[in-house]
Amino acid sequence: MRRFGGLVVDLAPLRESRPFRFAFAARLVSLLGIGLLVVAVPAQTYQLTGSSGHVAGVSVVAGSSVFAGSLAGGVLADRFERRRTIQLARSTAGLAFAVLGVNAVLPEPSLAVVYAASAVDGLAGGVSSAALMAVVPGLVPPRRLPAAGALLALTTDLGTVLTPALAGALIASGGVAVTYFAATAATAATVALVAGLGPCPPRGGGGHENPLRALGTGVRFAAGQPVVRSALLVGVLTALASGPLVLLPAFVDRVLGAGPSTLGLLYAAPAAGAVAGSLTSGWTGGVRRVGVALLVAVAVMAVGPLVLGVSGGVPGGAPVVLAVAFAGLAGHGLGRALADVLRFALVQRHTPDELRGRVSGLWQVQAVTGGAVGSAAAGLLGRWFPPDTALLVHGLAGLALVLLLAAATRPLWRWRTTGSARTRGTGPGPGPGPGPAELTTTGGRSR
């Protein structure tokens with residue numbers, strides 16, 4: 001296996017850290033359960049109302065709750081014991097899932113319950129995700145952060161690929177209630193797995209600050225630390241670049257002249273590319289110009305919509321057109337996955353433990369906000385231009401933003417690891433000078 005160590009995903013965190021194994025398993029099981037609701041909640045909402053507006057409304061409520069939960073979760077993770085924070089948040093979400101299940105078996109299910117449960121799920125998800133992201137750097141040595149980030153990204157990608165079909169099968173065979181109860185069971189298993197992390201207390205920082213002041217401290221740190229600020233700005237771009245997916249239905253219908261089966265295949269393409277990116281991320285632990293690699297990954301992500309936009313005019317018939325479109329979207333997903341892996345390592349390496357919860361909350365907020373803005377922008381482009389032209393415009397705008405970021409985030413692409421990380425097979429070492437992260441690192445101790 002050593003022969004392919006520069007390509008295959010690095011499993012060292014799973015081998016070396018028992019607590020990280022529990023974190024990995026807990027996140028995978030949790031995402032599989034949550035993924036069931038991604039299909040079940042819209043399906044039930046539409047079944048109850050026949051309105052796409054209500055489907056969008058539930059989505060907006062959930063997204064807004066994730067936003068609030070991420071900010072609150074960041075503060076809580078830096079104030080209270082992180083393992084218990086995760087368990088309480090996931091237990092609250094599991095209770096909401098059970099309520100959805102009970103509501104679904106009633107003769108007349110309540111739409112208000114669906115809205116309320118979605119809000120609770122979003123809040124709890126924001127809190128638990130911020131706390132878990134803050135925990136992970138203490139479970140592995142600093143050199144393993146890229147590998148840990150890749151493995152966590154893999155759980156997300158696997159959940160995205162596996163759960164839609166599973167949810168569809170469960171809904172078809174037993175109805176949405178069965179799906180909700182399955183999500184409840186998965187959440188209960190998650191809470192049990194999180195216990196294997198061991199004690200995860202935060203070190204210093206926001207324990208005695210007013211919550212709003214503590215949040216402000218985290219924002220000031222993220223804005224003032226050059227590498228963290230730059231990595232978060234890149235995160236906004238990656239979220240914005242995900243917007244073109246909302247153009248897929250119109251593109252398939254008006255450009256490809258195809259139906260639901262083609263649409264489903266193309267929707268799966270970014271997830272397939274992301275899985276490929278995570279599984280081939282072994283090289284990220286040895287790269288020295290991490291910032292340069294990150295900007296290249298974002299550029300690859302932005303090229304995806306360009307390839308999709310021109311695929312309709314590719315000669316060779318429908319199979320070739322579909323193959324090119326799939327490749328463009330898969331490349332989009334691959335670039336996103338690699339960008340997330342590299343950003344995770346950069347942000348966690350340069351953030352002191354007492355601020356990791358709040359910075360993790362900001363990470364999630366920029367993803368939620370950027371994704372919403374990117375989808376809205378793509379929707380506007382879809383109103384102004386034909387879908388293939390809108391995709392080309394969006395892709396060109398993404399590449400232009402990459403160039404602007406390269407100029408605006410010089411600390412990021414100039415930063416490099418020290419030592420011979422590539423030849424030793426280790427991850428990034430300290431940057432130029434002992435920043436806060438280097439002074440507070442756990443030094444490889446696994447909790």
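**Helix packing and a salt bridge**

H4 passes H5 in a left-handed crossing; a crossing is left-handed if the near helix is turned anticlockwise from the far one by less than a right angle, and right-handed if clockwise. Helices here are DSSP runs (H or I, at least four residues), numbered from the N terminus.

Before going on: this is a predicted model, where local features need pLDDT of at least 70 and side-chain atom pairs count only at pLDDT 80 or more, while totals for chains, interfaces and linings use all residues. Residues are numbered from 1 along each chain as its sequence is written, and side-chain values use heavy atoms, with hydrogens and water left out.

Two packed helices are described by the angle between their axes and the distance between the axes. An axis is a line fitted to C-alpha atoms, for helices over the stretch in contact, and angles run from 0 to 180 degrees between N-to-C directions.

For H4 (residues 82-105) and H5 (residues 111-135), the axes come within 8 Å and cross at roughly 160°. H4 is therefore roughly antiparallel to H5, the word for angles over 145 degrees. Their contact has 17 nonpolar, 5 polar and 3 charged residues. Nonpolar means Ala, Val, Leu, Ile, Met, Phe, Trp, Tyr, Cys and Pro; charged means Asp, Glu, Lys and Arg; the others, Gly among them, are polar.

H4 also meets H7 (residues 176-194), with axes within 8 Å and a crossing of roughly 165°. So H4 and H7 are roughly antiparallel too, and their crossing is left-handed. That contact divides into 14 nonpolar, 7 polar and 2 charged residues.

H7 has another partner, H2 (residues 18-49): these axes come within 8 Å and cross at roughly 160°. That makes H2 roughly antiparallel to H7, and H2 passes H7 in a left-handed crossing.

Last, how many salt bridges does a search of the whole structure find? There are 2, a salt bridge being a side-chain nitrogen of Lys or Arg within 4 Å of a carboxyl oxygen of Asp or Glu. One of them joins aspartate 340 and arginine 336, at 3.3 Å from N to O. Both residues lie in H13 (residues 318-349), 4 residues apart, about one turn of the helix.

Methods. Helix = DSSP H or I, 4+ residues; strand = E, 2+ residues; numbered from the N terminus. Parallel < 35°, antiparallel > 145°, perpendicular 65-115°, else oblique.
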